[in-house]
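Hi there,

Here is the structure I promised to pass on. Have a look at it first, then read my notes below.

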Amino acid sequence: MTNTVTPEFRFRRLRRTSALRDLVRENQVTANDLILPLFIEEDITEPVAISSMPGVFRYPESQLADVVQRAWSKGIKAVLLFGVSTHKDACGSDTWNKGGLMARIIRTAKQAQPEMIVISDNCFCEYTDHGHCGVVNEQGTDVENDLTLENLQKQVLVAAQAGVDMIAPSGMMDGMILAIRQVLDVNGFSHIPVMSYSTKFASAFYGPFRDAVDSTFKGTRDSYQMDAANGREALAESMQDEMEGADILMVKPGTAYLDVIANIKANTDRPMAVYHVSGEYAMIKAGAAAGVIDEQAIVMETMTAFKRAGCDLIITYYAEAIADWLDNA
Ligand code: PBG
Ligand code: ZN
């Protein structure tokens with residue numbers, strides 16, 4: 001008898017029907033994995049569309065409660081809050097004002113849907129007049145690491161007192177996780193987890209976000225965010241944050257950094273998050289609008305790739321759309 005079983009058929013016999021493929025699928029995206037970023041701007045009364053990111057808006061504070069409830073009703077269990085401040089100064093002091101924008105949006109979101117996991121993006125760039133992620137030096141060319149950490153501790157304490165469920169520091173300051181853990185623990189907030197933007201690259205993929213939300217910023221963040229060329233350093237950055245007590249690690253952006261995600265995942269037992277950023281969103285939207293790609297298929301393939309690379313959580317502007325698609329599948 002001739003042997004008709006070719007080597008590749010060993011794989012193909014589990015692909016014959018959709019039920020078989022469902023049975024053996026290794027990775028699956030669910031709404032439980034998704035975190036929705038939200039931009040809330042002070043002093044506006046109507047949502048402002050972000051032109052490079054169709055479907056994404058800066059919302060007024062008065063609509064935040066509705067937006068949080070809408071996300072919850074779709075099965076989204078976590079939101080990541082960005083305040084866009086009109087009370088900017090050199091150090092971003094509004095972030096540690098108990099009546100300031102960051103504290104208010106945390107309280108509003110928690111009140112709207114107490115079960116929603118409310119995560120604050122803890123940085124200064126939306127609250128400083130120069131747009132950097134901390135206190136700048138005299139020349140205005142670089143961010144002062146340790147002075148920024150002191151302010152970050154004040155900010156995080158106010159966020160915790162406002163009822164935040166999770167702290168997500170995005171400023172890429174050295175020692176930020178240790179500084180946050182210390183201030184939380186001595187003030188009775190040892191139960192609050194920290195999701196670190198532990199490996200965050202200086203990336204052109206943030207372009208649409210900065211154009212739309214961060215227009216005051218003209219410089220670069222190359223002196224504190226990571227060089228896209230460095231894979232070993234990418235691992236070391238996340239390992240350092242794990243040692244300092246980070247509960248969840250993150251890679252940002254996502255699609256161009258799957259190797260980095262996989263490498264960190266192989267070296268940690270912490271849950272891993274990825275931030276599918278504005279440029280990644282905008283590219284898919286633009287491609288779909290041009291009629292050259294299938295939006296839903298591209299998004300789901302990208303999300304599945306994040307899971308395969310090792311991500312447990314996915315921060316994406318597509319979160320609500322994905323929840324809708326999964327509901328209707
Ligand atoms: C800054 C910040 C960035 C984003 C949100 N907050 C990146 C940056 O400008 O360095 C980008 C988010 C996105 O592109 O989706 N802390
Ligand atoms: Zn920042």
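**Pockets and the ligand**

Sorted by class, the residues lining the largest pocket are 3 nonpolar, 3 polar and 4 charged. Keep in mind as you read that this is a predicted model.

That pocket holds about 280 Å³ of space. Its lining is made up of Arg25, Glu26, Asn27, Gln28, Val29, Met300, Glu301, Thr304, Arg308 and Leu326. Helix H11, residues 295-309, gives the largest share of this lining, with 4 residues.

Next, the second largest pocket, with a volume of about 220 Å³. There are 16 residues in its lining, and Leu36, Gly55, Val56, Tyr317 and Glu320 lie nearest the centre. Several elements give two or more residues to this lining: strands S1 (34-41) and S3 (57-60), plus helices H3 (61-73), H10 (278-289) and H12 (319-327). S1 gives the most, with 4 residues. By class, the lining has 12 nonpolar residues, 1 polar and 3 charged.

So where does ligand 1 sit? You'll find ligand 1 in the largest cavity. It has 15 residues around it, and the ones that come nearest are Arg210, Arg221, Gln225, Ser278 and Tyr317. The shell splits into 8 nonpolar, 3 polar and 4 charged residues.

A polar side-chain atom of Arg210 is 2.6 Å from an oxygen atom of ligand 1. For Ser278, a side-chain N or O atom lies 2.7 Å from a ligand 1 oxygen, and for Arg221 the distance is 2.8 Å. On its own, ligand 1 has 400 Å² of accessible area, and the protein covers 100% of that.

Happy exploring!

Technical notes. Residues are numbered from 1 along each chain as its sequence is written. Chains are lettered from A and ligands numbered from 1 in the order in which they are written. This is a predicted model: local features need pLDDT of at least 70, side-chain atom pairs count only at pLDDT 80 or more; totals for chains, interfaces and linings use all residues. Side-chain values use heavy atoms; hydrogens and water are left out. A residue is near a molecule or strand if one of its heavy atoms lies within 4 Å of it. A polar contact is a pair of N or O atoms within 3.5 Å; within protein, one must be able to donate a hydrogen and the other to accept it, and residues adjacent in sequence count only if both atoms are side-chain atoms. Accessible areas come from the Shrake-Rupley method with a 1.4 Å probe; for residues, only the protein chains shown count as cover. On a 1 Å grid over the protein atoms alone, a cavity is a set of points where a 1.4 Å probe fits but cannot get out, and a pocket is an open set with protein on both sides within 12 Å along at least five of seven lines; lining residues have an atom within 4 Å of a point. A molecule sits in a cavity or pocket if more than half of its atoms lie within 2 Å of its grid points. Ala, Val, Leu, Ile, Met, Phe, Trp, Tyr, Cys and Pro count as nonpolar, Asp, Glu, Lys and Arg as charged, and the others, Gly among them, as polar. Grid points are joined across faces, edges and corners, and a volume is the space filled by probe spheres set on the points.
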